[in-house]
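Please read them beside the model.

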Amino acid sequence: MPFSRLLSAVLCGGFLLLSSAQAQESARELRTCQLRLAWWKAPENPPELALQNDKERTPFSPDVLALSQVIPYRGEPNAVVLKKTVLAELDKSGKPITQWVPYCTIPVSATDTDLAVLLFPDDQRGIAQTRVFDFSPEAFPYGSVQLINFTSAKIAVSIDGTTVVANSRGMARYPKVFSRLSISRFYMAAAEANGEQKMLRSTTMIFKPTARMLLFALEVPGAEEDGRYHTELIIDNQGSRPAPVATPATGSKGSGAGPTRKGKKGAPAPEPEAPL
């Protein structure tokens with residue numbers, strides 16, 4: 001074969017391979033998004049975790065109820081969190097063999113840019129369930145309050161006379177965005193399935209234009225009247241931006257949550273039921 005024809009064939013073949021690779025990359029529908037991951041409640045023995053980031057693993061160690069770290073994600077529409085496990089088999093040198101297995105998945109849509117992910121560990125099954133929140137500036141701007149209802153009742157929150165209601169297992173955003181520092185009257189009430197209404201909280205709260213709040217309503221079924229309903233807070237401050245994950249940390253706890261629990265003196269408060 002003449003050299004010119006050989007060169008043309010090589011160039012065409014290379015172009016076809018490149019086009020095929022680009023087509024495959026496009027067909028994979030890779031998503032790009034920031035992921036903020038936190039424990040709802042850390043398991044007794046926290047596993048070693050990593051995010052499958054395209055073809056690489058990014059180790060991370062979640063905080064508890066504090067979205068203090070962010071992982072830039074690029075990968076499949078269902079992001080996979082992996083858990084490191086130790087197998088019973090030994091390698092040739094006599095050391096235990098380790099393996100990374102799926103721990104939970106996080107759906108990432110083509111329009112997602114910033115997602116907060118709460119991990120609910122299931123110690124018996126060795127996996128976790130997730131609850132995902134859109135943390136993009138458009139969906140959840142600073143100065144916002146989001147009510148998440150994990151109870152069997154309807155929960156109403158009133159701030160300075162403006163009320164928002166979240167159905168059971170649902171959520172709702174307070175319609176106003178705080179544009180300045182506000183010291184506001186805060187009320188929370190529950191409307192139960194039997195028609196009974198209960199005032200849960202009556203207090204004064206401070207809202208800032210540089211902070212956004214996730215407000216959770218929880219319950220302990222069968223608990224005494226004053227210990228049935230509880231609240232949890234996650235506050236994300238604009239001044240303390242999450243740092244990208246570099247190396248895994250161990251045993252760190254977040255400081256962005258302020259739990260409010262009621263119970264008898266001298267005894268720990270009963271734990272709310274798992275929200276999921």
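1. Isoleucine 159 has phenylalanine 186, a residue of β14, as its bridge partner. The model is a predicted one, and this pairing should be read as such.

2. The strands concerned are β11, residues 154-159, and β14, residues 182-191. Six bridges join β11 and β14, and the sense is antiparallel.

3. Both strands belong to an open sheet of four, ordered β12-β11-β14-β15, with antiparallel pairing. At the edges lie β12 (162-166) and β15 (197-207), each of which pairs on one side only. On average, neighbouring strands of this sheet are turned by 20 degrees against each other, direction ignored.

4. The largest nonpolar core contains 36 residues. Leu35, Leu37, Val81 and Phe216 have the most contacts inside this core. At least two of its residues come from each of β1 (31-39), β2 (49-53), β5 (69-75), β6 (78-90), β7 (96-107), β8 (114-122), β9 (127-134) and β16 (211-219). β8 gives the largest share, six residues.

5. Which residues does leucine 35 contact, leaving aside its neighbours within four places in sequence? They are Leu51, Gln69, Val70, Ile71, Tyr73, Ala79, Ile106, Val108 and Leu115.

Definitions and conventions. Residues numbered from 1 in each chain as written. Predicted model: local features only at pLDDT ≥ 70, side-chain atom pairs only at ≥ 80, totals over all residues. Heavy atoms only, no water. Pairing = 2+ DSSP bridges. Axes fitted to C-alpha atoms, helices over the stretch in contact; angles between N-to-C directions. Core = buried A, V, L, I, M, F, W, Y, C linked by side-chain atoms within 4.5 Å. Buried < 20%, exposed > 50% of the residue type's maximum accessible area, 1.4 Å probe, protein only. Contact = heavy atoms within 4.5 Å.
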